[in-house]
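Biologist: Could you take a close look at one part of this model with me? I would like to hear about the aromatic rings and their surroundings.

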Amino acid sequence: MSQDRPPTESEPPSEPPGEWAGAATESFAGFAERMTGAEPLHASLDGGVATLTLNRPHRRNSLDLALSQRLLRGLMCAGDDPEVRTVVITGNGGAFCAGDDVGSVRRWRRGDRGDTPFDPITSDAHYLRVCEAILHLPKPVIAGLAGAAAGAGAEIACAADFRLADTRAAIGSCLAQVGHIGNVVLMSRLTGPARATEIYLTGRMVSGTEAVRLGLFDQLCEPEAFDGELASLAARFAALPTASVGLFKELRERSWGQPAEYGLRLQDAYHLKTHATVADAREGVAAFAEKRPPHFSGR
């Protein structure tokens, strides 16, 4: 399909690079069984909610090779598993994620390519793959922040579809202070480029009602209510028509930054695709006509 004209009803959108490809080799439940004890990532599945908990509290849940690889694998398993209806990412020990592990980064700079959160051949940071997986994962992804998210941790939070934070949480860049760049693309999508630039230059952490006002947090709650609010929100999202949510996310990524005419034509093509392929779309219309609550299967 030519890139200079929008798709039509008779010409469905082509599949873009990076769209969810189904790369997992095990169920999420099988993956979760192994993610216990001393593992740097804990995982559980309950009522269609897949929870991925970063478990390096002694390093403020910063990303080393083991954690970043397991997080990416968990996301791939969750995306492929029809038993998963929504995904929650959170952290143990009072932090969400402090970014890439500084010790791992220092080893990488000394030439160690075997135990760092970067691809040994291309040097791509693993957190980029994690963010891409979140953006393209065909289910709602919630970031639950009960503490700080900085650097790569802020990127992961910004990639999520919804950010629930308690009043102790904060999010920011902190990268200018160590001579690095980042938190440009995803944070700018939430705050706009001018505010993202200010956050980068000052190195400040944004919290509370300001973070909500800027779009960095979607909902704020008191610490004692956090677990209950997170569980309630995840259950609510798990009851949504998951296949439609997946198509919405796919359309969002394909239409971002495109001319309005192209985006609207693409949106209409996806609307027609929903009618043709999503069982829950038929259930939703039937429930509305029959004046009853819909019962979505996720398909």
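How many aromatic pairs does the count come to?

Modeller: Happy to! Keep in mind that this is a predicted model. The count comes to two aromatic pairs. One of them joins Phe28 and Phe31, whose ring centres are 5.9 Å apart with 45 degrees between the planes, which makes the pair tilted. Both residues belong to helix α1 (residues 28-34), and because they are three residues apart there, about one helical turn separates them. Phe28 is buried, and Phe31 is buried too.

The other pair is made by Phe162 and Phe237: their planes stand at 80 degrees and their ring centres are 5.6 Å apart, so this pair is edge-to-face. Phe162 comes from strand β7 (residues 162-166) and Phe237 from helix α9 (residues 226-238), so the contact ties together parts that are 75 residues apart in sequence. Phe162 counts as buried because its relative accessible area, 17%, is under 20%. Phe237 is buried as well, with a relative accessible area of 14%.

Now to the surroundings. Phe28 turns up again in the largest nonpolar core, which has 52 residues; Phe28, Leu75 and Val87 touch the most other members. Apart from that core lies another, of 13 residues, including Leu164, Phe226, Leu230 and Leu233. In soluble globular proteins, nonpolar side chains tend to be buried together.

One more ring deserves a mention: the charged end of Arg189 sits over the ring of Trp256, 4.7 Å from the ring centre.

Conventions. Residues numbered from 1 in each chain as written. Predicted model: local features only at pLDDT ≥ 70, side-chain atom pairs only at ≥ 80, totals over all residues. Heavy atoms only, no water. Core = buried A, V, L, I, M, F, W, Y, C linked by side-chain atoms within 4.5 Å. Buried < 20%, exposed > 50% of the residue type's maximum accessible area, 1.4 Å probe, protein only. Phe/Tyr/Trp six-rings, centres within 6.5 Å; stacked < 30°, edge-to-face > 60°. Helix = DSSP H or I, 4+ residues; strand = E, 2+ residues; numbered from the N terminus. Lys NZ or Arg CZ within 6 Å of the ring centre and 35° of its normal.
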